[in-house]
Amino acid sequence: MITAQSLRKRYGDKVAVDDLSFEVQPGLVTGFLGPNGAGKSTTMRLMLDLDHGSGETLFDGRRFDTIRHPMREIGAVLEAKSFHPTRTARNHLRMLAAGSALPASRADEVLEFVGLTEVRNKKPSGFSLGMAQRLGLAQALLGDPSTLILDEPANGLDPHGIHWLRDVLKSLAAQGRTIFVSSHLLSEMSLMADELVVIGRGSMIYNGDVDGFVKRFTQSTVRVKTPDASEFVETLRGMGATVDTVPDGDLMVSGVDAPTIGDRAHDDGIRLHELATQTASLETAFISATGASEEYVAHEVNEETTNMLTEPSAADDTNRGGAA
Ligand SMILES: Nc1ncnc2c1ncn2[C@@H]1O[C@H](COP(=O)(O)OP(=O)(O)OP(=O)(O)O)[C@@H](O)[C@H]1O
C-alpha cells in the first residue's frame, strides 16, 4: 500500500502540489488523473524522492530512502525515454539488474514479457515512443516489485499495445500488487482503473472508486420509449424531471430515476416499451470535475475561432503587400 501524506511542492510563487494526501491500495489499479499542469508528474516525483518538497510517502509503511533495493519493491517509469544513450536495451537492463543484486537472466525475462526480445541488442535511442514505453515497463518489472508507479505508460502505444498494457496492469494488480498509473486516455482508464485520484491545480478533487466519481460529477439520464410520450412528458416535468425528446421520439429524462419513472407510468396506465438508465462516461465526469481547475484553457472550437487559423489578418495583408 502507498500512503501519501501532505505532499507539497512550489516552484517560486507557483504551488504545483498543494497538500495532497491519499492512499493507493494493493490488489487494485488506481488511476491518477488531472488536466495538463495539474501536478501529476510532480506528485509522482515527490513520492519517489526525485524532487524536493514537503510531506511524506510510505510504501508498505516505509519511506523510499530506507528501502535497500528500491527496484525490488517499487517499479517506476516517469519518463518514457530516459535510457542510457549507448547501451543496448539488454545491457541497460543487465546493468540495472546487477545494481539491485538480481540475476542477469532477469533482463531477458522482462524483455520477453514486454515483447522486445527481437530488438534487445539495439540501442533504445532508436526506439519509437511505444517501444520505449515497453522498455520502461520492462525496467520497472525487473525487480518483480510489489508496487508500480507509471506516468502515462500508454502514451505512444498503438491500440494493441494499449490493450496489452491494460491486461498486464490488471493482472499485476490481481496478483496483489499496488498499481498507481496516470493517463490522459480516459476511455482506457475507465476500463483499467478500479480507484481514482483526481487532482486539479495541485489539489485533491476526488479520491475513491470510478463509479462514485462518475456519479458525483454527472447526472445519469433515463431513456424512456413510450407510445404515450406526449402525455407522459407533462407528468415527468410535474415530477421535477428535465425531459428532452430525441429525434426517434424517445424521452431523455434526468432528475428522476428509472424505478420512480416506471412506478409512475404503471400508476398512470402509461405503456413503456423501454426504460434504460444511461450512465455518463468518465470523460464527461472528468470535464465536469476539473473544468474549473484547468490551467491551460484553449478557445472554444467554433467557426470564428477556427477562422483565426485560416484567415489572414489585416496586418498580414499589409506585410504581404509590402513584400510583393
Ligand atoms: N521544473 C519546473 N519549474 C517550474 N515549474 C514547473 C516545473 N515542473 C513543473 N512545473 C509546473 O508545475 C505544475 C505541475 O506540473 P506537472 O508536470 O506536475 O503537471 P502534470 O499534471 O504532470 O501535467 P501534464 O498532464 O501536462 O503532464 C505546472 O504548472 C508546471 O508548469
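Tutor: We may. On helix H3, Ser105 and Glu112 are exposed. Please bear in mind that this is a predicted model.

Student: Which residues of helix H3 are buried?

Tutor: In H3, which spans residues 105–114, the buried residues are Ala107, Val110, Leu111 and Val114. Seen down the helix axis, they fall within an arc of 105°, so they line one face of H3. Ser105 and Glu112 lie on the other side.

Student: What makes such spacing along a helix give one face?

Tutor: An α-helix has 3.6 residues a turn, so residues three or four places apart point the same way.

Student: Which elements do the buried residues of H3 pack against?

Tutor: They pack against helix H2 (89–99) and helix H4 (129–141). After H3 comes glycine 115, with a positive phi near 80°.

Student: Why does aspartate 49 count as partly exposed?

Tutor: A residue with 12 or fewer neighbours would be exposed, and one with 20 or more would be buried. Aspartate 49 has 13 C-beta neighbours inside 10 Å, so it counts as partly exposed. Its place is the loop between H1 and strand E4 (54–59).

Student: Why is threonine 221 not called buried?

Tutor: The label buried requires 20 or more neighbours. Threonine 221 has 19 C-beta neighbours inside 10 Å, and therefore counts as partly exposed. Threonine 221 belongs to strand E11 (residues 221–225). Beyond its neighbours within four places in sequence, threonine 221 is in contact with Met252, Val253, Ser254 and Gln278.

Student: Turning to the ligand, which element gives the most to the shell around it?

Tutor: H1 does, with 3 residues. Both H1 (40–47) and strand E2 (14–24) supply at least two residues of the shell.

Student: What is the make-up of the shell around the ligand by class?

Tutor: The shell has 3 nonpolar, 6 polar and 3 charged residues. Of the 12 residues around the ligand, Tyr11, Ala16, Asn36, Ser41 and Thr42 come nearest.

Methods
Residues numbered from 1 in each chain as written. Predicted model: local features only at pLDDT ≥ 70, side-chain atom pairs only at ≥ 80, totals over all residues. Near = placed C-beta within 6 Å. Helix = DSSP H or I, 4+ residues; strand = E, 2+ residues; numbered from the N terminus. Nonpolar A, V, L, I, M, F, W, Y, C, P; charged D, E, K, R; others polar. Arc of directions from axis to C-beta. Contact = placed C-beta atoms within 7 Å.
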